[in-house]
Amino acid sequence: MVRPADSDDATPRKANLREAILCAAEDLFSTNGFNAVSVRDIAQAAGANPGSVTYHFKTKDGLLLEIYRRHCGPMNLRRSELLAAAQRVRDLNDRLEAIVRAYVLPAFSSGSDLAGGGARFTRLRAVMSAEGNAVAGKIIAQTFDDTSHAFIDAIVESLPQIPRNEIVWRSHFLLGALYYTLVTPERVSRLSRGEADGADAANAIEQLVRATVASLQAPALDERTPAPRRSTPPLQNLKVPAGRR
C-alpha cells in the first residue's frame, strides 16, 4: 500500500533530505566556491533531484544564506554573551584580552560545530570572502556586521588612544589569522617540525589572543617616533686635515 505524501513519516524524510542538501552544499561551496557550483551539482551530491533543492531553499542564494544562519546564529550569540561579560572587567588591559578571547573562542567551540561547522565552515567563509561574489558579500555583511561593530566599539573603549580606523584594520588581520589557523593547522605542525601541534585548539586560542592583543596595543601610525640624534657626524661629513691624508 502506498502511503500518502502527507503521512506521519513524510516530515522526517523531508528533514533528512533538507539536511543532506545543506551538508552537500556546504562541502561543495567550501571546496569549489559559490560561483562554480550549480544547483544540479548540489542535488547530485545530496542524492536528491534539483527540484528538492528549490523546494526547500528557493535558490542557491537562499541555500547559502541558510548555511550561514545555522552556523553563525549560535556563534554570534555566544560571542555577544562573552562580550557582555568582558565589558564588565575594570582593568583596561584585562578587559582587552577578555574582549579578544570572546571573539576567538566561539569560532573553535561554538554550538555550530555540532551542525558541521568548524574547519569546513571556516574554509567556506574564507572562500566566500576571497571570491568576491556580490550575493555572498551581502550575506556575510548581513550575518556578521552588527557583531563586528560591537566588538570594534568595545576595543576602542579599551584603547582610547588608538583611532577607530586603525582598530578596524587590526581586527581585520585577526579575522585572517583566525581563518588560516582553523583551515590549515597542519602548517604549524610542519613548520615547527612537530614541536607544536597545530590541531591543539587550546594552544591556538591562546596564541591568537596574545598576538592580537599585542598588535592592538601597538602605537598608532600617526605617533611618529623621532629618529635618535647622532652623537657623532657621519663619516662622509668628517673633514680630515691635509697633513693626515
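This report walks through a predicted model of one protein, from its overall make-up to single residues.

## Overall make-up

The protein has 10 helices and zero strands. Read from the N terminus, its elements run α-α-α-α-α-α-α-α-α-α.

The protein has 245 residues, and 36% of them are buried.

## Confidence in the model

The average pLDDT of the protein is 84. A score of at least 70 is reached by 80% of the residues. Over residues 1-11, the pLDDT is below 50. Beyond near neighbours in sequence, that stretch has two contacts in the model.

Residues 111-116 also need care. Their pLDDT stays under 50. For this stretch the model has 11 contacts beyond four places in sequence. Where pLDDT is low, the predicted coordinates should not be read in detail.

Helix H2 covers residues 39-46. Which of its residues are buried? They are Ile42, Ala43 and Ala46. Seen down the axis of H2, these buried residues fall within an arc of 100°, so they line one face of the helix.

The other side of H2 carries exposed residues: Arg40, Gln44 and Ala45. After H2 comes glycine 47. Its phi is positive, near 70°.

## The largest pocket

Rolling a probe the size of a water molecule over the atoms shows where empty space is left. The largest pocket has a volume of about 480 Å³. It is lined by 23 residues. Closest to its centre are Tyr103, Ser148, Ile152, Ser171 and Leu175.

Which elements give two or more residues to this lining? They are helix H5 (92-109), helix H6 (119-131), helix H7 (134-158), helix H8 (164-183) and helix H10 (201-216). H7 gives the most, with nine residues. By class, the lining of the largest pocket has 14 nonpolar, six polar and three charged residues.

## The second largest pocket

The second largest pocket has a volume of about 240 Å³. Its lining counts 13 residues. Those nearest its centre are Thr181, Val188, Gly198, Ala204 and Gln207.

H8, helix H9 (185-191) and H10 each supply at least two residues of this lining. The largest share comes from H10, with four residues. The lining of the second largest pocket divides into five nonpolar, five polar and three charged residues.

Phenylalanine 57 sits in helix H3. Is phenylalanine 57 buried or exposed? The cut-off for buried is under 20% relative accessible area. Phenylalanine 57 has 5% relative accessibility, so it counts as buried. Leaving aside neighbours within four places in sequence, phenylalanine 57 is in contact with Arg18, Ile21, Leu22, Gly62, Leu63 and Glu66. Take leucine 22 from that list. Phenylalanine 57 and leucine 22 are 35 residues apart in sequence, and their C-alpha atoms are 9.5 Å apart in space.

Glutamate 166 lies in helix H8. Its relative accessible area is 10%, so glutamate 166 is buried too. Which residues does glutamate 166 contact, leaving aside its neighbours within four places in sequence? They are Pro219, Ala220, Leu221 and Asp222. Along the chain, glutamate 166 and proline 219 are 53 residues apart. Their C-alpha atoms are separated by 9.9 Å.

Most residues other than glycine have a negative phi, and most peptide bonds are trans. Two residues here deserve a look for that angle.

Lysine 58 is a residue other than glycine, yet its phi is positive, near 70°. Where does lysine 58 lie? It is in the loop between helix H3 (50-57) and helix H4 (60-86). The cut-off for exposed is over 50%. At 64% relative accessibility, lysine 58 therefore counts as exposed.

Arginine 193 is not a glycine either, and its phi is positive, near 55°. Its place is in the loop between H9 and H10. With a relative accessible area of 78%, arginine 193 is exposed.

Methods
Residues are numbered from 1 along each chain as its sequence is written. This is a predicted model: local features need pLDDT of at least 70, side-chain atom pairs count only at pLDDT 80 or more; totals for chains, interfaces and linings use all residues. Side-chain values use heavy atoms; hydrogens and water are left out. Buried means under 20% relative accessible area, exposed over 50%, partly exposed in between (1.4 Å probe, protein chains only). The arc is that of the directions from the helix axis to the C-beta atoms. On a 1 Å grid over the protein atoms alone, a cavity is a set of points where a 1.4 Å probe fits but cannot get out, and a pocket is an open set with protein on both sides within 12 Å along at least five of seven lines; lining residues have an atom within 4 Å of a point. Grid points are joined across faces, edges and corners, and a volume is the space filled by probe spheres set on the points. Ala, Val, Leu, Ile, Met, Phe, Trp, Tyr, Cys and Pro count as nonpolar, Asp, Glu, Lys and Arg as charged, and the others, Gly among them, as polar. pLDDT is the predictor's confidence in each residue, from 0 to 100. Contact means heavy atoms within 4.5 Å.
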